[in-house]
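Reader: I have a structure open on my screen and would like to learn how to read it. Could you walk me through some features, one at a time?

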Amino acid sequence: MEKNILLMVRKQVRRDNVWDLEKQIFYKFIHKTYLLHPISLAMLLYVVGGMPFLIWGMGVRTVIVLHATLLVNSICHRSGRQQWKTRDLSINNGWMSLVTFGESWHNNHHAFPYSARHGFEWWQIDLSWYVIRFLQAIEVATNVKLPPHKATHKQEL
């Protein structure tokens, strides 16, 4: 898991998006208090449900998230459909979107890496996008980047 969101954005997206994030108070807070978040969660889980909650909420959850990430990086380069012409072997894989919260629309992500949304069609489940839309509605997420509207509508190979 990446601890610094700004480092992750630098690796994945254009540099001006990093500067946008660095200006936002919410991201400054998350960066400065990073270690407190998992420690607080672990303490809360232990207080609420003891060791079983702590094991499932911290250990098992982390293992599942890591496996889902590895599945995207392996399956979504081998099995599915490539909707966009990219310079790689990235592929969209629908059934994986249920496990990875929409991250398996991998070819869409490679075609538009700056986009907050990767499920472009109504049937492409993208739970991460739904969370971002909610954060945008309550004005926590601002300046959300999307691909041009015409780009997201059909360029089937």
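Reader: Let me start with contacts along the fold. Which residues does glutamate 103 touch, not counting residues up to four places away in sequence?

Author: Contact here means heavy atoms within 4.5 Å. In this predicted model, glutamate 103 touches Val72 and Ser128 once residues up to four places away in sequence are left out. Glutamate 103 itself sits in the loop between α5 and α6. Its C-alpha atom is separated by 9.4 Å from that of isoleucine 125, a residue 22 places away along the chain.

Reader: Is glutamate 103 buried, exposed or partly exposed?

Author: Buried means under 20% relative accessible area and exposed over 50%, with partly exposed in between. Glutamate 103 has a relative accessible area of 35%, so it is partly exposed.

Reader: Thanks! Now the surface. Which residues form the nonpolar patch?

Author: To join a patch, a residue needs over 30% relative accessible area, and nonpolar side chains are joined within 5 Å. Here the patch is formed by Leu71, Trp95, Leu98, Val99, Phe101, Ile125, Leu127 and Tyr130, and together they have about 760 Å² of accessible area.

Reader: Which helices each supply at least two residues of that patch?

Author: They are α5 (94-100) and α7 (127-137). The largest share, three residues, comes from α5. Leucine 71, another member of the patch, lies in helix α4, residues 36-75. With a relative accessible area of 32%, leucine 71 is partly exposed.

Reader: On to the rings. How many aromatic pairs are there?

Author: Rings pair if their centres lie within 6.5 Å, and planes over 60 degrees apart count as edge-to-face. By this rule there are five aromatic pairs. One of them joins tryptophan 84 and phenylalanine 112, with 5.1 Å from centre to centre and 85° between the planes, an edge-to-face arrangement.

Reader: Which parts of the chain does that pair tie together?

Author: Tryptophan 84 is in the loop between α4 and α5, while phenylalanine 112 is in the loop between α6 (106-111) and α7, so the pair ties together parts 28 residues apart in sequence. Both tryptophan 84 and phenylalanine 112 are buried.

Reader: What about phenylalanine 112 and phenylalanine 120: why is that pair edge-to-face?

Author: Look at the angle: their planes are at 70° and their ring centres 5.6 Å apart, so this pair is edge-to-face. Both phenylalanine 112 and phenylalanine 120 are buried. Ring pairs link Trp84, Phe112, Tyr114 and Phe120 into a cluster.

Reader: Now the backbone. What is the phi of glutamate 139?

Author: Most residues other than glycine have a negative phi. Glutamate 139 has a positive phi of about 65° although it is not a glycine. Glutamate 139 is found in the segment after α7, and at 67% relative accessibility it counts as exposed.

Reader: And what is the phi of asparagine 143?

Author: Asparagine 143 is also not a glycine, and its phi is positive, near 55°. Asparagine 143 lies in the segment after α7. At 49% relative accessibility, asparagine 143 counts as partly exposed.

Reader: One last item, from the records. Where does UniProt place the feature "transmembrane region"?

Author: The unreviewed UniProt entry puts it at residues 29-48. In the model, the chain over residues 29-48 is 85% helix and 0% strand, and the end C-alpha atoms are 26 Å apart. Bear in mind that such annotations may be inferred rather than shown by experiment.

Definitions and conventions
Residues are numbered from 1 along each chain as its sequence is written. This is a predicted model: local features need pLDDT of at least 70, side-chain atom pairs count only at pLDDT 80 or more; totals for chains, interfaces and linings use all residues. Side-chain values use heavy atoms; hydrogens and water are left out. Patches are made of residues with over 30% relative accessible area and no salt bridge: like charges are joined within 9 Å, nonpolar side chains (Val, Leu, Ile, Met, Phe, Trp, Tyr) within 5 Å. Accessible areas come from the Shrake-Rupley method with a 1.4 Å probe; for residues, only the protein chains shown count as cover. A salt bridge is a side-chain nitrogen of Lys or Arg within 4 Å of a carboxyl oxygen of Asp or Glu. Helices (H or I, at least four residues) and strands (E, at least two) are DSSP runs, numbered from the N terminus. Buried means under 20% relative accessible area, exposed over 50%, partly exposed in between (1.4 Å probe, protein chains only). Rings of Phe, Tyr and Trp (its six-membered ring) pair if their centres lie within 6.5 Å; planes under 30 degrees apart count as stacked, over 60 as edge-to-face and the rest as tilted.
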